[in-house]
Amino acid sequence: MPKKNAWQQKGWQKMLTPARILVIGFAVFAFVGALLLMMPAASESGQGLPFVDALFMATSAICVTGLVVVDTGSYFSLFGEIVLLTLVQIGGLGFMTVATFVTIWTGKKIGLKERLLLQQSLNVTTLEGLIRLSRNVVLMTLIIEFVFAVILASRFATHMPMSKALYYGVFHSIAAFCNAGFDLFGDYKSLADYAGDPLINVSVMTLVTVGGLGLAVMADLWRKLVNRRERLMLHTKLVLIATAVLLVLGTLGYYALEHDNHGTLAHKPESEKLLAASFASVTARSSGFATVNYEEMSQSGQFWTIMLMFIGASPGSAGGGIRTTTALVILLFVWTVVTNKEQTVIFNRTIAPRVIYKSLTIAVMSSVLVVLTTMTLSLTEDQDFMHVLFEAVSAVSTVGLSMNMTPELSPAGKVVVLTAMYIGRLGPLTLALALAARHQGKPANLRYPEGNVYVG
């Protein structure tokens with residue numbers, strides 16, 4: 001009997017791989033959050049949300065997306081808002097990071113299995129210094145969120161009571177840093193009332209950008225700040241380059257495409273046009289906050305947004321999309337093929353073929369998910385195709401922007417979108433494990449003869 005129990009325990013341990021535990025963990029948090037949001041105490045009216053709506057909102061929060069089927073600021077009570085904010089913070093940091101920090105705080109030891117889970121959650125390639133990285137990430141996150149909560153509260157305090165301003169500052173600081181577009185201003189208008197406010201815009205843009213860099217990059221930058229002699233990792237350099245290029249190109253694109261559009265930028269002074277274009281460039285890639293109505297954008301502006309959403313933020317961050325470095329590696333590989341070179345090189349470093357293959361696989365699988373989500377929504381919803389495509393990419397890339405379609409989704413459409421958000425949030429993690437795993441059925445040294453296939 002003891003042998004059978006030991007065998008069963010070993011079998012369960014093999015089945016519960018780090019990726020599967022993360023998938024189950026996010027699902028558990030989503031369902032628990034849904035049950036809490038269904039409680040009468042979670043709404044202002046005292047009537048709990050229906051299960052599908054509650055699950056949608058909880059999934060959007062734990063997957064740090066920001067798509068909403070009910071208006072966050074006017075529908076939920078303080079209890080409901082705190083439930084959402086807690087899910088956002090856990091989803092932004094990763095529940096394994098939070099659990100590790102609590103374990104460290106209580107003085108308990110962290111075993112190898114927990115370290116493997118943490119490695120998968122943080123999306124890093126080594127176990128070395130993992131606990132220190134986790135601790136530093138949580139501390140940096142809390143410090144950054146606190147500083148900007150004070151900054152935002154100081155601005156909100158000019159037109160609301162101080163206690164409310166502090167709460168709004170904390171809520172929107174956490175939501176912005178975790179790249180989740182939840183807001184408390186009501187009427188689904190996000191930050192439209194602050195479109196011309198430089199302090200609010202720059203603060204949110206900074207939070208979104210820093211939060212979208214990725215945990216490993218944040219730790220690397222902190223290490224460089226503490227010791228100037230330290231060299232930045234190649235990954236950090238690529239993330240910073242991709243982020244800067246996308247910010248500039250995104251801003252110029254919005255400015256050029258929407259400059260004369262009276263529904264978005266035409267009525268604004270030049271300085272506010274540039275500010276709104278910059279804000280849209282930053283938030284379109286991950287956060288879901290908005291100062292313009294995307295339904296009023298030109299089709300070219302809407303498609304520009306779709307492309308930015310598809311690229312998304314950087315690996316190891318709360319943002320989604322195929323990720324900045326994935327897009328950059330693919331572009332570098334294309335340039336290598338076009339110039340007929342043998343190796344993909346940047347900063348005198350060769351990018352490994354497995355990294356290129358992984359990048360291409362992620363891009364293709366994300367594209368397939370977008371196509372499937374778009375096709376399904378086009379069947380369940382009576383909406384213009386651009387609205388459907390926009391919603392699908394926003395969900396898959398866990399961005400949170402919408403052309404006012406989310407509140408009008410049918411029950412089937414809500415299930416489709418929440419599923420897309422869930423897969424979009426966990427896809428890179430499960431893909432990383434699947435691509436790194438070795439095939440057990442064949443010898444590693446077995447090679448087949450090459451076959452010729454005509455392409456292009």
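Predicted model: local features only at pLDDT ≥ 70, side-chain atom pairs only at ≥ 80, totals over all residues.

Visitor: OK. What caps the N-terminal end of α10?
Guide: Asp197 does. One of its side-chain oxygens lies 3.0 Å from the backbone nitrogen of Leu199.

Visitor: How far apart are the end C-alpha atoms of α10?
Guide: They are 20 Å apart. Helix α10 covers residues 198-211, 14 residues in total, so at 1.5 Å a residue it should span 20 Å. The two agree.

Visitor: And which residues are buried there, in α10?
Guide: Ile200, Asn201, Ser203, Val204, Met205, Leu207, Val208 and Gly211.

Visitor: What do its buried residues pack against?
Guide: The buried residues of α15 pack against α12 (234-258), α14 (299-311), β1 (345-346) and α16. Among those buried residues are Thr326, Leu328, Val329 and Ile330.

Visitor: What follows α15?
Guide: Asn340, with a positive phi near 60°.

Visitor: Which residues does Ser359 contact?
Guide: Thr326, Val329 and Ile330, leaving aside neighbours within four places in sequence. Those three are also on the list of buried residues of α15.

Visitor: Now the core. Which residues touch the most other members of the largest one?
Guide: Met57, Phe156 and Tyr294, out of 98 residues in the largest nonpolar core. Helix α17 (residues 385-396) gives the largest share, eight residues.

Visitor: What about a second core?
Guide: A separate one has eight residues, including Leu238, Ala242, Leu328 and Ile356.

Visitor: What does Met57 touch?
Guide: Its contacts include Leu37, Leu49, Val69, Phe76 and Phe182, not counting residues up to four places away in sequence.

Visitor: Last one. At what angle do α5 and α9 pack?
Guide: About 30°, with their axes 9 Å apart. α5 is residues 78-93 and α9 is residues 162-177. Their crossing is left-handed.

Visitor: Which residues meet there, between α5 and α9?
Guide: From α5, Leu78, Glu81, Ile82, Leu85, Val88 and Gln89. From α9, Tyr167, Phe171, Ile174 and Ala175.

How values were computed
Residues numbered from 1 in each chain as written. Heavy atoms only, no water. Contact = heavy atoms within 4.5 Å. Buried < 20%, exposed > 50% of the residue type's maximum accessible area, 1.4 Å probe, protein only. Helix = DSSP H or I, 4+ residues; strand = E, 2+ residues; numbered from the N terminus. Core = buried A, V, L, I, M, F, W, Y, C linked by side-chain atoms within 4.5 Å. Expected span 1.5 Å × (residues − 1). Polar contact = N/O pair within 3.5 Å; in protein donor to acceptor, adjacent residues only side chain to side chain. Axes fitted to C-alpha atoms, helices over the stretch in contact; angles between N-to-C directions. Left-handed = near helix turned anticlockwise from the far one by under 90°.
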